[in-house]
Amino acid sequence: MKPEVENHWRSWCEIELSALEHNIKAVRNLVGPECAIMPMAKADAYGHGMVECSTVFERAGADMMGCANVIEGVALRKAGIQLPILLLSGVLPDELKTILENDLTVTISSEREIAQVNRVAEILELTAEVHLKVDTGMARLGCERREAVHLMKKIMGSSHLALKGFYSHYACADEDVKFSLEQWKVFEAIPSPPGVLRHMCNSAGMLTLKATHADMVRPGLVLFGAPCLKGFKDLLRPALSWFARVVRVREVAKGTTISYGATFATKRTTKIATLSVGYGDGYFRSLSNRGQVLIAGQFCPILGRVTMDQIVVDVTHVHSVKVGDTVTLLGRDGEREISATEMADWAETIPYEIWCHITDRVIKCHRD
């Protein structure tokens, strides 16, 4: 997308909402009309803007929304999201009143939680919708497999609870299909009552283990345009682009050391540009001497360490660069592109972390 810069912007992201709509339609085409879709809106929709993204997903036919906690769920309710909202993290007893008053769906993993949720629902004179989670190989949340049927019966026998879903989570669907299939066998073998949504697939599971889509999938990464598998890449559109500006251009002599620690010294006379972004904006320090940016459609390598507010890049080969120019950190400039996956590879991390680390100092604007 073409960046639109205000004169006071130093680092900003542009999120293309039409790309989100395109991506959820690609998921719908993959899973078919009978399988429900629950987009992940947690962590500010992976840094893309929780309210804005959830509004697009609801309009585009999502069946449910997934959040991490009560704060996120309440924010979506206040923003007018009407879909069922599942809280996928464990809940604390003092959160339950707020959760139930805002019609949020609770994840339950134990008999203690069943009693707590039922008690608060009884006091509020309402029926709480819950999903039971079973641990099949993550060891975070979830009951033991041998407890699952007993807990389902316990939920269904509770006066103020409604069992709406039963689920688990793949640990390494993008890396180890054999391990994932073992998880699925454990999950599939546990019977659940008719009408209860069964779900296990994240983005990677949805793509690699199509026979395990069950009643609902929980895509996250692919909805924002980063493929977990190369074969799906052409069907997706990256939604987020990230920009900064050139604040200084100068020529330095051979042997000039650059940035903290003097970890880089020029090997020739070099034209360098200082850019208005750093780890204070979420630009990973591990990109020091490794990452690249795009200026005037050309790759420019980072020289020296990423600092809190600025980075320095080699622009010797970019003849037209000047102070105030827009720099692409993530996204496309002309024929070239830097994807979240590529930046994550340079930083030795994952695309989720690239997006989630972009700080509030970076202006985020949403474009239709």
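Me: How much space lies in the largest pocket?
Reply: Happy to start there! This is a predicted model in which local features need pLDDT of at least 70 and side-chain atom pairs count only at pLDDT 80 or more, while totals for chains, interfaces and linings use all residues. A pocket here is an open set of points on a 1 Å grid over the protein atoms alone, where a 1.4 Å probe fits, with protein on both sides within 12 Å along at least five of seven lines. With volume taken as the space filled by probe spheres set on the points, the largest pocket holds about 850 Å³.

Me: Which residues lie nearest the centre of the largest pocket?
Reply: Residues are numbered from 1 along each chain, and side-chain values use heavy atoms, without hydrogens and water. Lining residues have an atom within 4 Å of a point, and the largest pocket has 33 of them. Nearest its centre are Tyr46, His169, Asn202, Ile350 and Tyr352.

Me: What is the volume of the second largest pocket?
Reply: Its lining has 24 residues, with Gly225, Lys233, Pro238, Glu337 and Ser339 nearest the centre. The volume of the second largest pocket is about 550 Å³.

Me: Where on helix 3 do its buried residues fall?
Reply: Helix 3 (a DSSP run of H or I, at least four residues) spans residues 50-59, and Met50, Cys53, Ser54, Val56 and Phe57 are buried, meaning under 20% relative accessible area with a 1.4 Å probe, protein chains only. Seen down the axis, judged by directions to the C-beta atoms, they fall within an arc of 160°, so they line one face of the helix.

Definitions and conventions: Buried means under 20% relative accessible area, exposed over 50%, partly exposed in between (1.4 Å probe, protein chains only). Helices (H or I, at least four residues) and strands (E, at least two) are DSSP runs, numbered from the N terminus.
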